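Keep the sequence and the structure side by side as you read.

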Amino acid sequence: MPTTRQGSNVSMTMEVVQAMIDQTLLRNNTTDDGSQNSDGGPRRPLQPARVYSYTDIMKCQPLNFKGTEGVVGLSQWVEKMESVFHISGCAVENQVKFANCTLLGAALTWWNGHVRTLGHDAAYAMTWEILKKKLTDKYCPKGEIKKLEIELWNLKVKGNDVGGYTQRFQELALMCTKFISNETVKVDKYISGLPDNIHGNVMDVRPKTLDDAIELANDLMDQKLRTYAERQTENKRKFDNNNQAQQKLLM
């Protein structure tokens, strides 16, 4: 039976060789992490993510917070910091560290007290959301928020100053989140404070977002003011013409 054994050995050898070839091809077409390119070739190694520094954050010009700016000041600081985090690509674990670099005065003293109480590692391990809550609890007492809610409830355009009304409305809306729970309520409240000469026009359009309502209100007020100015000019022209005509009759 030697022939049979030789045939069997030849068959096994070919199978082993083919398996080795297949394994070699697989290794050549596979990266260290087990992935392959679409063309079967090895991928280029991934570049490590850039680590952003304090200098990178400061280039985005974050606001400082001293603790004396009030509720609106804190809200603006938070809003700006979150914008800076997004623009700079700041890693989540570094947000508290970089945010606290912008604290000054009483706010910095408050933070240093937390560091002494909790310990350096524990203090800087807290998340940005927790830091925001602590700052809000410290500098936005419930009584102060209630005052802002009352102000927002009674806020109206003074004269034709839609711009001033809009700015104050947005500042208050940032803090009175329970009072203005969603975009629809926010739009309705904004429209309710507009003057009678544009209120109905804005209501007829029914803007869906606050930005749309603000843009429409400004456009309508600008149009009203232009029309008023044109009428004033026309009335003055008619008045001057009448005066000139009367003077000619008297001559």
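How many residues apart in helix α9 are Glu171 and Arg168? They sit three residues apart, so about one helical turn separates them. Their side chains meet in a salt bridge, at 3.1 Å from N to O. By salt bridge I mean a side-chain nitrogen of Lys or Arg within 4 Å of a carboxyl oxygen of Asp or Glu.

Before going further, some ground rules. This is a predicted model, in which local features need pLDDT of at least 70 and side-chain atom pairs count only at pLDDT 80 or more, while totals for chains, interfaces and linings use all residues. Residues are numbered from 1 along each chain as its sequence is written, and side-chain values use heavy atoms, with hydrogens and water left out.

Now the overall picture. The protein has 12 helices and zero strands, so reading along the sequence you get α-α-α-α-α-α-α-α-α-α-α-α. The elements are DSSP runs numbered from the N terminus: helices are H or I with at least four residues, strands are E with at least two. Of the 251 residues, 30% count as buried. Buried here means under 20% relative accessible area, exposed means over 50%, and partly exposed is what falls in between (1.4 Å probe, protein chains only). A contact means heavy atoms within 4.5 Å. Among contacts between residues at least 6 apart in sequence, 58% join residues at least 24 apart. The protein exposes about 17500 Å², with carbon and sulfur atoms supplying 54% of it; these accessible areas come from the Shrake-Rupley method with a 1.4 Å probe, and for residues only the protein chains shown count as cover.

Back to the charged pairs. The count comes to five salt bridges, and Arg168 takes part in another one, with Glu151, where the closest N and O atoms are 2.7 Å apart. That pair links distant parts of the chain: Arg168 is in helix α9 (residues 162-175) and Glu151 in helix α8 (residues 142-154), 17 residues apart. Glu171, by contrast, counts as buried, with 16% relative accessibility.

Salt bridges that share partners also join Glu82, Glu129 and Lys132 into one network. Within it, the side chains of Glu129 and Lys132 meet at 3.4 Å, N to O. Both lie in helix α7 (residues 128-139), three residues apart, or about one turn of the helix. Lys132 counts as buried, at 18% relative accessibility.

Next, have a look at another lysine. Lys189 lies in helix α10 (residues 183-192) and is buried, with a relative accessible area of 10%. What does Lys189 touch, not counting residues up to four places away in sequence? The answer is Leu152, Trp153, Leu155, Tyr165, Phe169 and Phe179. Lys189 and Leu152 are 37 residues apart in sequence, but 8.6 Å apart in space, C-alpha to C-alpha.

Ser75, in helix α3 (residues 70-88), is another buried residue, with a relative accessible area of 8%. Leaving aside residues up to four places away in sequence, Ser75 touches Leu174 and Met175.

Now for the backbone. Most residues other than glycine have a negative phi. Gln61 has a positive one, near 55 degrees, and is found in the loop between α2 (54-59) and α3. Gln61 counts as exposed, at 61% relative accessibility. Arg206 also has a positive phi, of about 55 degrees, although it is not a glycine. Arg206 is in the loop between α11 (196-205) and α12, and is exposed at 69% relative accessible area.

Glu183, Asp211, Asp212, Glu215, Asp219 and Asp222 form a negative patch. Patches are made of residues with over 30% relative accessible area and no salt bridge, with like charges joined within 9 Å and nonpolar side chains (Val, Leu, Ile, Met, Phe, Trp, Tyr) within 5 Å. Asp and Glu count as negative, Lys and Arg as positive, and His and the chain ends are not counted. Helix α12 (residues 210-250) gives the most to this patch, with five residues, and Glu215 is in that helix.

Technical notes. Charge placed at Lys NZ, Arg CZ, Asp CG, Glu CD.
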